Amino acid sequence: ETDQPMSPQDIALVKTHVESVVILLFLVILLWGMYTGSKNGTEIFQMADVNLLFTAPFKPQSVLMFRLSFQMIATVFASVYLVFQIPNLVLNMGLGVSAIVAIFVGWILLLVFQRLMVVLTYTVCSTHEKLKKYVVPFILVVVLAVAGVLAAVYFSTGDILETENMTLSAHWSRMIPVLGWYKGMIMCAVNGEVVPFLIYLVLMLASVVVFIVAIWQIPADFYEDALSEASKRAQMLDAAKEGRVVNTKKRSGRIQREGVFGGSGASVFFTKEVYSRRRMAKFGLVTNTMLFYFAVIVCVAAFTIKVVESHSFFSVGCVLLLVMFFRNMGNPIAQETARNWLFLVPENPYKKVWFSVLAGVYGTAVDLIPGMITATVIMGEQPGIMILWYLTFLIVDFLYSQVGLLMEALIPVTSMDVVKSMIQMILRCLILVVLSVLVMIGYFAWGIAGALILTCIASAGIGGVIFWVYPWMLHRGK
């Protein structure tokens with residue numbers, strides 16, 4: 001049995017969605033570059049620029065353009081690895097030459113414009129300091145304006161595809177400077193329209209020139225900013241070589257300065273996490289991780305309901321397990337072991353490891369609550385299944401933490417950081433593959449409930465074994 005080829009209507013539908021995604025992605029990249037430039041645009045400079053180039057008889061803009069050109073060229077060359085994906089794109093995905101050209105050109109210009117926006121925003125803000133506080137409000141206004149227009153058209157038409165055809169993927173939107181030109185260039189390449197593609201490409205290259213000229217013409221003097229940032233970066237590099245950590249982030253004035261720490265003995269590793277959350281989180285509860293989990297759950301749930309036309313939490317749960325895998329790299333237990341506090345506190349090692357792991361599970365449990373409740377409401381999933389998913393997330397988070405601890409204990413301290421990171425990532429990914437296999441086996445054998453129960457049992461078993469071994473190694477391995 002062979003797959004049926006896509007009909008012209010299906011191809012047109014896919015192109016409509018692609019066109020909408022392209023212009024939104026480019027807008028997001030530009031706005032992110034603007035935000036980054038207003039916060040830490042000086043990261044473009046290095047200590048060599050401060051010591052050598054700024055002391056030379058050149059305009060400050062000359063130094064800036066040298067470093068900008070260097071980074072843009074490096075960005076282009078860093079994208080050479082995409083060449084090795086051409087056979088995969090042609091053989092496995094069935095893309096034509098025009099689509100591959102669109103991917104290459106679009107990706108390179110995306111990176112170039114992001115860097116140009118960073119430098120342009122930084123240059124403007126360094127020249128007109130008062131404008132810096134208006135960057136974030138301007139970004140919010142743009143986002144709200146785009147969202148408002150899309151919402152208004154959607155409520156008037158009642159159809160997502162019609163909304164895209166009237167706004168994001170409309171032909172007139174290709175006339176919008178830079179944003180529309182970028183989208184037009186990509187779509188003309190996909191459609192095999194050579195002449196329009198070249199016209200849009202020339203317009204985009206002309207836009208690059210306009211950005212560069214604008215940056216060059218702004219009479220900015222950023223020597224002191226570059227000196228400060230380059231010095232901080234040099235200190236951080238030296239500290240990293242020596243195994244130290246340098247905190248260059250300013251302490252927020254909103255962080256609570258006073259409070260009761262609580263706890264005694266090994267339990268301080270748990271109470272410290274509770275106290276730190278109460279001090280640093282918004283309203284003593286809301287953290288960036290909580291907001292991130294909430295956004296992931298809501299977005300994937302909305303996609304599942306609208307596009308997949310399913311109200312099952314299964315796809316959302318799988319995506320969230322993957323997100324938690326990467327998020328666990330910053331688990332509190334890893335922060336404790338990085339500073340030898342677990343070793344120095346005179347207490348039973350099993351108690352110390354238990355309370356440290358419990359601190360990480362506690363943070364995950366609190367951060368997941370808003371997203372899980374919202375998903376239960378909008379997806380209409382059974383409360384029992386959602387509770388089982390919630391328990392699975394916590395037990396898998398426990399497993400991720402234990403695997404990270406074991407890797408730190410087994411890999412020699414004298415190993416190169418790159419080698420240690422590679423080994424840890426490989427073994428962590430192996431655990432992720434094992435969990436994926438268990439989920440699939442349980443799903444096809446006993447359904448979603450069976451898959452979750454099997455995953456919980458396996459994760460608790462593997463994590464329990466590691467928990468039994470690691471504390472014994474804690475004092476003997478130092």
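# Helix packing, ring pairs and burial

User: Which handedness has the crossing of α5 and α8, and what makes a crossing left-handed or right-handed?

Analyst: α5 and α8 cross in a right-handed manner. A crossing has this name if the near helix is turned clockwise from the far one by less than a right angle, and is left-handed if anticlockwise. This is a predicted model, in which local features need pLDDT of at least 70 and side-chain atom pairs count only at pLDDT 80 or more, while totals for chains, interfaces and linings use all residues. Residues are numbered from 1 along each chain as its sequence is written, and side-chain values use heavy atoms, with hydrogens and water left out.

User: Why are α5 and α8 called roughly antiparallel?

Analyst: The axes of α5 and helix α8 (residues 179–191) are 7 Å apart, at an angle of about 160 degrees. Angles over 145 degrees count as roughly antiparallel (under 35 parallel, 65 to 115 perpendicular, the rest oblique); α5 and α8 are therefore roughly antiparallel to each other.

User: How do you know which residues of α5 and α8 meet?

Analyst: Contact means heavy atoms within 4.5 Å. The residues in α5 include Ala-102, Trp-107 and Leu-110, and those in α8 include Tyr-182, Met-185 and Val-190. By class, this contact has eleven nonpolar, two polar and no charged residues.

User: What makes the pair of α12 and α13 roughly antiparallel?

Analyst: The axes of helix α12 (residues 288–308) and helix α13 (residues 314–327) come within 9 Å and cross at roughly 150 degrees. By the cut-off already given, α12 and α13 are therefore roughly antiparallel to each other. The crossing is right-handed. Among the residues that meet are Phe-292, Tyr-293 and Val-296 in α12, and Val-319, Met-324 and Arg-327 in α13. The contact of α12 with α13 divides into eleven nonpolar, three polar and one charged residues.

User: Why is the pair of Phe-26 and Phe-113 called edge-to-face?

Analyst: The whole structure holds 13 aromatic pairs. Rings of Phe, Tyr and Trp (its six-membered ring) pair if their centres lie within 6.5 Å; planes under 30 degrees apart are stacked, over 60 edge-to-face, and the rest tilted. The centres of Phe-26 and Phe-113 are 5.6 Å apart and their planes stand at 75 degrees, so this pair is edge-to-face. Phe-26 lies in helix α1 (residues 8–40) and Phe-113 in helix α5 (residues 97–127), so the pair ties together parts that are 87 residues apart in sequence.

User: What makes the pair of Phe-292 and Tyr-293 tilted?

Analyst: Its rings are 6.4 Å apart centre to centre, with 40 degrees between the planes. This angle belongs to neither the stacked nor the edge-to-face class, and the pair is tilted. Elsewhere, ring pairs link Phe-313, Phe-314, Trp-389, Phe-393, Tyr-443 and Phe-444 into a cluster.

User: Why does Thr-364 count as buried?

Analyst: Its relative accessibility of 7% is under the cut-off, so Thr-364 counts as buried. Thr-364 is in helix α16 (residues 349–379). Not counting residues up to four places away in sequence, Thr-364 touches Met-324, Leu-394 and Asp-397. Of the 478 residues of the protein chain, 40% count as buried.

Definitions and conventions:
Axes fitted to C-alpha atoms, helices over the stretch in contact; angles between N-to-C directions. Helix = DSSP H or I, 4+ residues; strand = E, 2+ residues; numbered from the N terminus. Nonpolar A, V, L, I, M, F, W, Y, C, P; charged D, E, K, R; others polar. Buried < 20%, exposed > 50% of the residue type's maximum accessible area, 1.4 Å probe, protein only.
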